[in-house]
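Work through these exercises with the sequence and the model side by side. Try each task before you read its solution.

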Amino acid sequence: IQIRSDKDKEIHIRYSITGVGADQPPMEVFSIDPVSGRMYVTRPMDREERASYHLRAHAVDMNGNKVENPIDLYIYVIDMNDNRPEFINQVYNGSVDEGSKPGTYVMTVTANDADDVTTANGMVRYRIVTQTPQSPSQNMFTINSETGDIVTVAAGLDREKVQQYIVIVQATDMEGNLNYGLSNTATAIITVTDVNDNPPEFTTSTVSINTSAHALRNGVAPLRDGTPHATCTRVLTCSPLGFSLPRGPREKMQQFAAAVDYEMNRAFMLTVMVSNQAPLASGIQMSFQSTAGVTISVTDVNEAPYFPTNHKLIRLEEGVPMGTVLTTFSAVDPDRFMQQAVRYSKLSDPANWLNINATNGQITTAAVLDRESDYIKNNVYEATFLAADNGIPPASGTGTLQIYLIDINDNAPELLPKEAQICEKPNLNVINITAADADIDPNVGPFVFELPSVPSAVRKNWTITRLNGDYAQLSLRIMYLEAGVYDVPIIVTDSGNPPLYNTSIIKVKVCPCDENGDCTTIGAVAAAGLGTGAIIAILICIIILLSMVLLFVVWMKRREKERHTKQLLIDPEDDVRDNILKYDEEGGGEEDQDYDLSQLQQPETMDHVLNKTPGVRRVDERPIGAEPQYPIRPVIPHPGDIGDFINEGLRAADNDPTAPPYDSLLVFDYEGSGSEATSLSSLNSSSSGDQDYDYLNDWGPRFKKLADMYGGGEED
């Protein structure tokens, strides 16, 4: 709502509100814009907690002076169907006499709804979902949709055929609308009570039996009614074997039959009369007694153990811990006088959840029972057990145990969908979200969808609007959000007791949209996960990488050029190592061979070296005296620049007088102060005339230099 004073055109006015929901607990449910006077609700409201609010609005000027008298604001919370009907009891027990007429009252079931009962949200309607068994008709009962009264609707209730009915009743709000209403179920167990409408009657007047004592114990005179209307008096009118049948109820006869033993009595011939102690119901025109002749031959056989209750049904909640005792599923061995032992074992346990004690048949859990398992069918887990005796030959019997698992809230809801797409500007489209829960009613919906408070950007950018108990809408809160992929966390809580919640992540692709609200092609690329800033950063990195590669290539080419330039400084033709090959020494002439080589091998004295003027010496002499100390050159080159290392080593070699360069003459020994061989200038060619060296041109490229120097040509 918006409040406004007529005086706001004359002066500036500030608005405020007080009362419960504003400045009184619960605090700040409502807020007001002090300038525009618009009132807002700040959080979701629950009518079941508080249905209405009474606030007072105030208008003051900039100095706090009252401009208008306060006005009363009454805010009513409109009910929403967020509560399902709840039955007072989950199981109702009732009874009805057999043979009752249609319309006979049986029982009443009641469900309450916390929503507003004056609206459809709180109006509960009842219906019968299933009836088990469906005999003699599938609709033996009906229920008043408004009051919950269950009455008979068909004739034919017969306790001797069906003793009990299990009826599943469903309560639905919204006046029973199954499409929009919330539902809950309860179980009504209806017991058919007995009336004395059948006199005792033998199935045949003459009975011949050739069987074991076990079959005799199971009843010679089968009766149609049970206690109390089946309490009969039996009289043995003819007994050739000479024993008497005591008068009394049916259990007395069973006690008598149990004493029969094959080793003591192998045959019996009896005439038995049976009568009903209680009077028959009114309108029954039948005899109250019956007689039969019975011939019994008893044979002794090893009979298999049997389970008295087969199938045996037990109910318990899922999730019971391992080792829990469930029940005792024991068998009875009819051969009680054979002193046989019964051993138990598992015959079928699909999930391997159960253990059975081999001696007493006690059933315990071997694992945690899970109702959501694939081995569960209609909430029932079924296992089969074997009971075997040690008779000769051995005999065995089977029994089936059915475990009805009651659901507990042990599965948190999961958000659906996992991915969605939305426009970067609001009011164009929204995302419909829901939840999936592996549990069943009432541990599923209605669900609560919330945005977490941390990180704060989630609630700043996004908002959730609830549609109903199972659906909500996710939309943008801000006016614009940059295109990209965002992980939006959403907290989903179910309606179980206690409720479970789960924080799920939905990947939302935010992209530019056209006028129809569809994502554009460029927007789809931008929303693929990279924003404009990220794309620019990647391009800058690629440019830097390419620049580094280009600089490296330029540097390598420069190094190659420098290396090639150094090689060009040496003329290949001047490289004597490549052009002159030493094959042998020719030796001197005959006149030059008469000299003493000892003068070349060892000098006569070292005085000429020691008396030299300082600073004057031959380049091929080893210096005499103290040698200067030079720093030791590093063995490992500096990793920065190989060229610098080579130049440093070359410079050190050039400045080291103890290490002659490779391109100079090596001094092997000193020649001496003078040579006895005198001058070699007298050496001359053996021929007085000019010699022809043109043949050097035919010796190949290695002698080309000599051919140019000594060979004759036009230039000569």
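**Exercise 1. The disulfide**

Task: In this predicted model, find which cysteine a disulfide joins to C423. Then work out its handedness and which parts the pair ties together.

Solution: 
- Step 1. Apply the cut-off: two cysteine sulfur atoms must lie within 2.5 Å. C423 and C513 pass, with S to S at 1.9 Å.
- Step 2. Count. The rule gives one disulfide.
- Step 3. Take the torsion about the S-S bond of C423 and C513. The value is about -105°, so the disulfide is left-handed.
- Step 4. C423 lies in strand β27, residues 419–423. C513 lies in the loop between β33 (501–511) and α4 (521–526). The pair therefore ties together parts that are 90 residues apart in sequence.
- Step 5. C423 has 1% relative accessibility, so C423 counts as buried. C513 is partly exposed, at 22%.
- Step 6. Look at one more cysteine. C541 has a relative accessible area of 52%, so C541 is exposed.

**Exercise 2. Cis peptide bonds**

Task: Which residue does a cis peptide bond join to P442, and which to P455? Locate both prolines.

Solution: 
- Step 1. Recall the background: most peptide bonds are trans.
- Step 2. Read omega from D441 to P442. Omega is about 5°, and the bond is cis.
- Step 3. Locate P442. Its loop runs between β28 (431–436) and β29 (448–450).
- Step 4. Read omega from V454 to P455. Omega is near 0°, again with a cis bond.
- Step 5. Locate P455. This proline sits in the loop between β29 and α3 (456–461).

**Exercise 3. Positive phi**

Task: E175 and N379 are to be examined for phi. Is each of them buried, partly exposed or exposed?

Solution: 
- Step 1. Recall the background: most residues other than glycine have a negative phi.
- Step 2. Take E175. Its phi is positive, about 55°. E175 belongs to the loop between β13 (164–172) and β14 (183–193). Its relative accessible area is 46%, so E175 is partly exposed.
- Step 3. Take N379. Its phi is also positive, near 70°. N379 is in the loop between β23 (362–365) and β24 (380–388). At 17% relative accessible area, under the 20% cut-off, N379 is buried.
- Step 4. K377 has 59% relative accessibility, so K377 counts as exposed.
- Step 5. Look across from K377. Its C-alpha atom is separated by 9.6 Å from that of Y404, 27 residues apart along the chain.

**Exercise 4. A nonpolar patch**

Task: Which residues make the nonpolar surface patch of about 590 Å²?

Solution: 
- Step 1. List the members: L545, V549, F552, V553, W555 and M556.
- Step 2. W555 has 43% relative accessibility, so W555 counts as partly exposed.

**Exercise 5. The largest pocket**

Task: How much space lies in the largest pocket, and which strand gives the largest share of its lining?

Solution: 
- Step 1. Read the volume: about 1600 Å³.
- Step 2. Find the centre. Of 44 lining residues, the closest to it are P44, M45, D82, V448 and R466.
- Step 3. Assign strands. β3 (39–41), β5 (66–76), β29 and β30 (462–466) each supply at least two lining residues.
- Step 4. Pick the largest share. β30 gives it, with five residues.

Technical notes
Residues numbered from 1 in each chain as written. Predicted model: local features only at pLDDT ≥ 70, side-chain atom pairs only at ≥ 80, totals over all residues. Heavy atoms only, no water. Helix = DSSP H or I, 4+ residues; strand = E, 2+ residues; numbered from the N terminus. Buried < 20%, exposed > 50% of the residue type's maximum accessible area, 1.4 Å probe, protein only. Patch = residues over 30% accessible without salt bridge, like charges linked within 9 Å, V, L, I, M, F, W, Y side chains within 5 Å. Areas by Shrake-Rupley, 256 points an atom, 1.4 Å probe, with all protein chains shown as cover. Salt bridge = Lys/Arg side-chain N within 4 Å of Asp/Glu carboxyl O. 1 Å grid on protein atoms, 1.4 Å probe; cavity = no way out; pocket = protein on both sides within 12 Å on 5 of 7 lines; lining within 4 Å. Points joined across faces, edges and corners; volume = space filled by probe spheres on them.
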